[in-house]
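Here is a short report on one protein model. Look over the sequence and the structure first, then read on.

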Amino acid sequence: MNAHLSYLHNRSSTFDPPPVVVAATSDEARAHAIEIVEASGLRLAAAISIDEAPDRLLAQASATAVWCQLDRNTGTQLERTLEVLNHDVALQRYVAVVSAPGELIDFLFARLSDDIQLLIDANDAECVAALAVAATRRQDKFRLSDISADRDAARLRQLSAEVNRIASTLARLSNVMPSNEARPKTIVGNEIPQISPEAVRKVIRARRLRTKFFREDLFADPAWDMLLDLFQSELSGLRTQVSSACIAAAVPATTALRWLTAMVREGIFVRHADPHDGRRVFVELAPETSTALRTYFAELDSVSVI
């Protein structure tokens with residue numbers, strides 16, 4: 001990492017680095033954010049408190065990026081700052097990255113647009129990388145290809161297609177089974193299979209059992225893990241907050257958030273505001289996703305493996 005940072009500093013001496021505005025919820029958070037900006041090889045335009053941020057951002061002539069370093073919820077002023085960020089980023093005035101602890105994940109997900117990158121419990125290397133990539137993308141003359149993001153997008157497109165094909169693919173199993181074997185369930189008309197929450201919990205437990213014998217990172221599949229968790233919640237009549245879905249993904253929170261946001265964009269998940277508290281957001285399966293999963297589990301009995 002030292003070599004990478006050295007490269008960035010050398011690069012900044014060749015090109016005038018774009019300015020970054022830092023907004024933070026405490027002196028400690030502000031000092032940490034300044035270190036991130038400096039390590040990214042970027043020029044600091046201002047380091048202000050969250051209370052000052054709305055007025056300063058309005059007066060800021062230009063900025064490549066705004067870095068918000070949060071270590072707590074400061075209430076009304078934080079909400080106002082987030083509103084300004086959403087507005088300005090939508091107008092493409094700058095890019096924005098918000099870094100925060102895990103306890104703020106539900107609060108922030110409900111208030112930030114999908115165009116603002118949200119980092120949760122990120123380490124210094126992740127912060128430096130996120131800011132450097134965001135700022136670089138902002139500059140027309142520096143365009144980078146985010147290979148991992150491209151790969152994730154391709155996997156999401158594949159997942160979206162496969163979810164919609166699950167029913168028909170598994171239904172074809174019945175056409176190749178010997179006639180003396182039990183036939184799997186088939187869907188008649190608009191009938192939707194009734195699945196028990198315990199059937200889903202069994203699959204989730206089986207997936208978790210693997211980590212007892214093998215390294216957990218061998219089985220990272222956040223999309224499928226979140227699908228199962230949301231499906232179990234739906235069958236149990238429960239609502240799932242963003243933090244719960246991210247825990248179920250069994251990957252770092254920032255990675256889980258990226259997947260969750262992308263799956264909302266793909267139409268696999270849907271966001272719903274809490275009718276009793278408009279500041280809170282729940283995540284649910286889209287109707288088509290729910291139907292596909294119900295059909296999948298209905299057909300699962302005909303397959304000998306989980």
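## Aromatic pairs

This is a predicted model. The structure holds four aromatic pairs. One of them joins Trp224 and Tyr296. Their arrangement is edge-to-face, with 5.6 Å from centre to centre and 90° between the planes. Trp224 sits in helix H9, and Tyr296 in helix H12, which covers residues 287-300. The two residues are 72 residues apart, and the pair links distant parts of the chain. Trp224 and Tyr296 are buried.

Phe231 belongs to helix H9 and Phe297 to helix H12, so the pair ties together parts 66 residues apart in sequence. Both Phe231 and Phe297 are buried. Trp224, Phe231, Tyr296 and Phe297 make up one aromatic cluster.

## The nonpolar cores

The largest nonpolar core has 62 residues. Those touching the most other members include Leu70, Leu260 and Phe297. Helix H9 gives the most to this core, with eight residues.

Leu260 touches Phe109, Met226, Val242, Ala245, Phe269 and Val283, leaving aside residues up to four places away in sequence. There is also a second, separate core of 18 residues. Val20, Ile36, Ala39 and Ala65 are among its members.

## A look at Leu227

Leu227 lies in helix H9, which spans residues 222-235. Is Leu227 buried or exposed? Its relative accessibility is 0%, so Leu227 counts as buried. Ala248 is 21 residues from Leu227 along the chain, and their C-alpha atoms are separated by 9.2 Å.

Terms used:
Residues numbered from 1 in each chain as written. Predicted model: local features only at pLDDT ≥ 70, side-chain atom pairs only at ≥ 80, totals over all residues. Heavy atoms only, no water. Helix = DSSP H or I, 4+ residues; strand = E, 2+ residues; numbered from the N terminus. Buried < 20%, exposed > 50% of the residue type's maximum accessible area, 1.4 Å probe, protein only. Core = buried A, V, L, I, M, F, W, Y, C linked by side-chain atoms within 4.5 Å. Contact = heavy atoms within 4.5 Å. Phe/Tyr/Trp six-rings, centres within 6.5 Å; stacked < 30°, edge-to-face > 60°.
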